[in-house]
Amino acid sequence: MKKTLLTAGLVTVLVAGSAMPTMAISDTASTPLPGTRAKVVVNAWHCNVYADKCSFKTSTKVMKGRKAYNVSKITNTATVKANGWQATLSLSPSGTYVSENSRQVSWTNENTWIADISGIADPGGSLNTSITTCSDGGAFKSGVKAFASACAND
(Lines give C-alpha, C1' and ligand atoms only; values in the text may rest on other atoms or scores of the structure.)
Protein backbone atom coordinates (compact mmCIF):
# COMPACT_ATOMS: atom_id res chain seq x y z
CA MET A 1 0.00 0.00 0.00
CA LYS A 2 1.41 3.38 -0.98
CA LYS A 3 1.38 6.27 1.49
CA THR A 4 2.25 9.94 1.30
CA LEU A 5 4.85 11.62 3.46
CA LEU A 6 2.63 14.53 4.46
CA THR A 7 2.06 13.47 8.06
CA ALA A 8 5.68 13.69 9.21
CA GLY A 9 6.14 17.07 7.52
CA LEU A 10 2.93 18.44 9.00
CA VAL A 11 3.83 17.32 12.53
CA THR A 12 7.29 18.86 12.21
CA VAL A 13 5.88 22.16 10.99
CA LEU A 14 3.21 22.31 13.69
CA VAL A 15 5.68 21.50 16.47
CA ALA A 16 8.21 24.02 15.21
CA GLY A 17 5.51 26.67 14.82
CA SER A 18 6.83 27.87 11.47
CA ALA A 19 4.85 28.62 8.33
CA MET A 20 3.63 25.50 6.59
CA PRO A 21 4.65 25.05 2.95
CA THR A 22 1.84 24.70 0.46
CA MET A 23 0.36 21.22 0.23
CA ALA A 24 -1.82 21.88 -2.80
CA ILE A 25 -1.74 23.01 -6.39
CA SER A 26 -4.35 25.69 -7.01
CA ASP A 27 -5.52 28.41 -9.35
CA THR A 28 -8.07 31.23 -9.04
CA ALA A 29 -9.68 33.54 -11.57
CA SER A 30 -12.44 36.12 -11.43
CA THR A 31 -14.56 38.28 -13.69
CA PRO A 32 -17.06 41.07 -12.93
CA LEU A 33 -20.80 40.36 -12.96
CA PRO A 34 -21.98 43.39 -14.99
CA GLY A 35 -24.08 46.01 -13.22
CA THR A 36 -23.75 44.46 -9.76
CA ARG A 37 -20.26 45.44 -8.50
CA ALA A 38 -19.89 41.72 -7.68
CA LYS A 39 -17.36 39.23 -9.07
CA VAL A 40 -17.65 35.62 -10.15
CA VAL A 41 -14.66 33.84 -8.57
CA VAL A 42 -13.61 30.32 -9.57
CA ASN A 43 -11.10 28.12 -7.78
CA ALA A 44 -9.46 24.82 -8.72
CA TRP A 45 -7.40 22.79 -6.23
CA HIS A 46 -5.82 19.36 -5.92
CA CYS A 47 -3.20 17.76 -3.71
CA ASN A 48 0.41 18.11 -4.82
CA VAL A 49 1.83 15.06 -3.03
CA TYR A 50 0.19 11.71 -3.60
CA ALA A 51 1.21 8.13 -4.23
CA ASP A 52 -2.11 6.62 -5.28
CA LYS A 53 -5.18 8.89 -5.12
CA CYS A 54 -5.51 12.66 -4.96
CA SER A 55 -8.31 14.83 -3.60
CA PHE A 56 -9.63 17.71 -5.70
CA LYS A 57 -12.02 20.61 -5.20
CA THR A 58 -13.48 23.28 -7.45
CA SER A 59 -15.83 26.14 -6.68
CA THR A 60 -17.66 29.06 -8.19
CA LYS A 61 -18.56 31.88 -5.81
CA VAL A 62 -20.05 35.32 -6.28
CA MET A 63 -18.55 37.94 -3.99
CA LYS A 64 -19.31 41.62 -3.50
CA GLY A 65 -16.25 42.88 -1.69
CA ARG A 66 -15.65 40.27 1.02
CA LYS A 67 -19.30 39.27 1.32
CA ALA A 68 -21.25 36.54 -0.40
CA TYR A 69 -23.63 37.84 -3.09
CA ASN A 70 -26.69 35.76 -3.98
CA VAL A 71 -27.51 35.23 -7.65
CA SER A 72 -30.39 33.57 -9.50
CA LYS A 73 -28.26 30.72 -10.83
CA ILE A 74 -24.65 29.63 -10.28
CA THR A 75 -22.83 26.73 -11.94
CA ASN A 76 -19.53 24.94 -11.54
CA THR A 77 -17.97 22.31 -13.79
CA ALA A 78 -14.90 20.42 -12.61
CA THR A 79 -12.73 18.83 -15.29
CA VAL A 80 -10.05 16.47 -13.99
CA LYS A 81 -7.44 15.08 -16.37
CA ALA A 82 -4.65 12.55 -15.81
CA ASN A 83 -1.46 13.55 -17.66
CA GLY A 84 1.24 11.13 -18.80
CA TRP A 85 1.95 8.37 -21.25
CA GLN A 86 -1.08 6.03 -21.44
CA ALA A 87 -2.63 7.83 -18.46
CA THR A 88 -6.04 6.72 -17.23
CA LEU A 89 -8.38 8.25 -14.66
CA SER A 90 -11.01 7.05 -12.23
CA LEU A 91 -13.01 9.69 -10.40
CA SER A 92 -15.31 9.79 -7.41
CA PRO A 93 -17.92 11.10 -8.02
CA SER A 94 -17.69 9.28 -11.35
CA GLY A 95 -18.71 12.27 -13.48
CA THR A 96 -19.16 12.31 -17.24
CA TYR A 97 -16.68 10.44 -19.43
CA VAL A 98 -14.72 12.87 -21.60
CA SER A 99 -11.88 10.53 -22.58
CA GLU A 100 -9.83 7.68 -21.10
CA ASN A 101 -7.89 10.21 -19.04
CA SER A 102 -10.49 12.94 -18.39
CA ARG A 103 -13.81 13.30 -16.53
CA GLN A 104 -16.22 16.17 -15.79
CA VAL A 105 -18.57 16.77 -12.88
CA SER A 106 -21.08 19.66 -12.87
CA TRP A 107 -23.21 21.29 -10.19
CA THR A 108 -25.82 24.06 -10.38
CA ASN A 109 -27.46 25.95 -7.52
CA GLU A 110 -30.25 28.54 -7.56
CA ASN A 111 -30.77 31.60 -5.33
CA THR A 112 -27.44 31.33 -3.58
CA TRP A 113 -23.81 32.46 -3.93
CA ILE A 114 -21.80 29.22 -4.30
CA ALA A 115 -21.56 25.99 -6.28
CA ASP A 116 -18.73 23.65 -5.32
CA ILE A 117 -17.54 20.15 -6.10
CA SER A 118 -15.06 17.89 -4.36
CA GLY A 119 -13.91 14.34 -4.83
CA ILE A 120 -11.06 11.87 -5.30
CA ALA A 121 -9.05 11.37 -8.49
CA ASP A 122 -7.27 8.08 -9.09
CA PRO A 123 -4.80 8.52 -11.97
CA GLY A 124 -3.06 5.48 -13.39
CA GLY A 125 -1.30 3.99 -16.39
CA SER A 126 2.12 5.59 -16.03
CA LEU A 127 4.76 6.15 -13.38
CA ASN A 128 4.96 9.82 -14.34
CA THR A 129 1.24 10.57 -14.13
CA SER A 130 0.10 13.93 -12.81
CA ILE A 131 -3.32 15.56 -12.81
CA THR A 132 -4.83 18.83 -13.95
CA THR A 133 -7.97 20.15 -12.27
CA CYS A 134 -9.99 22.89 -13.97
CA SER A 135 -12.98 24.85 -12.74
CA ASP A 136 -15.38 26.53 -15.16
CA GLY A 137 -18.07 28.59 -13.48
CA GLY A 138 -20.79 31.05 -14.27
CA ALA A 139 -23.45 33.14 -12.58
CA PHE A 140 -26.70 34.76 -13.70
CA LYS A 141 -28.66 37.58 -12.06
CA SER A 142 -31.16 40.14 -13.34
CA GLY A 143 -30.50 39.42 -17.00
CA VAL A 144 -26.68 39.51 -16.83
CA LYS A 145 -24.23 36.64 -16.71
CA ALA A 146 -20.49 36.15 -16.34
CA PHE A 147 -18.11 33.19 -16.63
CA ALA A 148 -14.57 32.45 -15.44
CA SER A 149 -12.13 29.53 -15.64
CA ALA A 150 -9.14 28.39 -13.58
CA CYS A 151 -6.81 25.38 -13.95
CA ALA A 152 -4.46 23.87 -11.37
CA ASN A 153 -1.58 22.01 -13.05
CA ASP A 154 1.12 19.81 -11.48
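Ala 148, in this predicted model, lies in strand 11. Leaving aside neighbours within four places in sequence, Ala 148 is in contact with Ala 29, Ser 30, Thr 31, Val 40, Val 42, Ser 135, Asp 136 and Gly 137. Ala 148 counts as buried because its relative accessibility is 9%, and the cut-off for buried is under 20%. One of its contacts, Ala 29, is 119 residues away along the chain, yet the two C-alpha atoms are separated by 6.3 Å.

The contact list of Ala 148 includes Ala 29 and Val 42, and these two residues are themselves bridge partners, with Val 42 in strand 2. Strand 1, residues 24-33, pairs with strand 2 in the antiparallel sense over 10 bridges. The two strands form a hairpin with four residues between them. In that turn Gly 35 has a positive phi of about 75°. Strand 2 spans residues 38-47 and is mostly covered, with seven of its 10 residues buried.

Strand 2 also pairs with strand 3, again in the antiparallel sense, over eight bridges. Here the hairpin has six residues between the strands. His 46 stands opposite Phe 56, which belongs to strand 3.

Among the residues with the most contacts inside the largest nonpolar core are Phe 56, Val 80, Leu 89, Leu 91, Ile 117 and Ala 121. This core has 13 residues. The elements giving two or more residues to it are strand 3 (54-64), strand 5 (71-83), strand 6 (88-92) and strand 9 (114-124). Strand 5 gives the most, with three residues. A second, separate core has 10 residues, including Leu 33, Val 40, Ala 115 and Ala 146.

Which residues does Phe 56 contact, leaving aside its neighbours within four places in sequence? They are Trp 45, His 46, Ala 78, Val 80, Leu 91, Ser 92, Ile 117, Ser 118, Gly 119, Ile 120, Ala 121 and Thr 133. The list includes His 46, the residue that stands opposite Phe 56. It also includes Val 80, Leu 91, Ile 117 and Ala 121, which are named with Phe 56 among the core residues with the most contacts.

Five strands form an open sheet in the order 7-8-5-10-11, and the pairing is antiparallel. The edge strands are strand 7 (96-99) and strand 11 (144-153), each pairing on one side only. From one strand to the next the twist averages 20°.

On one side, strand 5 pairs with strand 8, residues 102-112, over 10 bridges in the antiparallel sense. Ala 78 stands opposite Val 105 of strand 8. Strand 5 is also joined to strand 10 by 11 bridges, and these two strands run antiparallel. Ala 78 has Ser 135 as its bridge partner in strand 10. Ser 135 is also one of the contacts of Ala 148.

Strand 10, residues 130-141, is mostly covered: nine of its 12 residues are buried. Strand 10 pairs with strand 11 in the antiparallel sense over 10 bridges, and Gly 138 has Phe 147 of strand 11 as its bridge partner. The hairpin of strand 10 and strand 11 has two residues between the strands, and Ser 142 takes a positive phi near 50° there.

Conventions:
Residues numbered from 1 in each chain as written. Predicted model: local features only at pLDDT ≥ 70, side-chain atom pairs only at ≥ 80, totals over all residues. Heavy atoms only, no water. Core = buried A, V, L, I, M, F, W, Y, C linked by side-chain atoms within 4.5 Å. Buried < 20%, exposed > 50% of the residue type's maximum accessible area, 1.4 Å probe, protein only. Contact = heavy atoms within 4.5 Å. Pairing = 2+ DSSP bridges. Axes fitted to C-alpha atoms, helices over the stretch in contact; angles between N-to-C directions.
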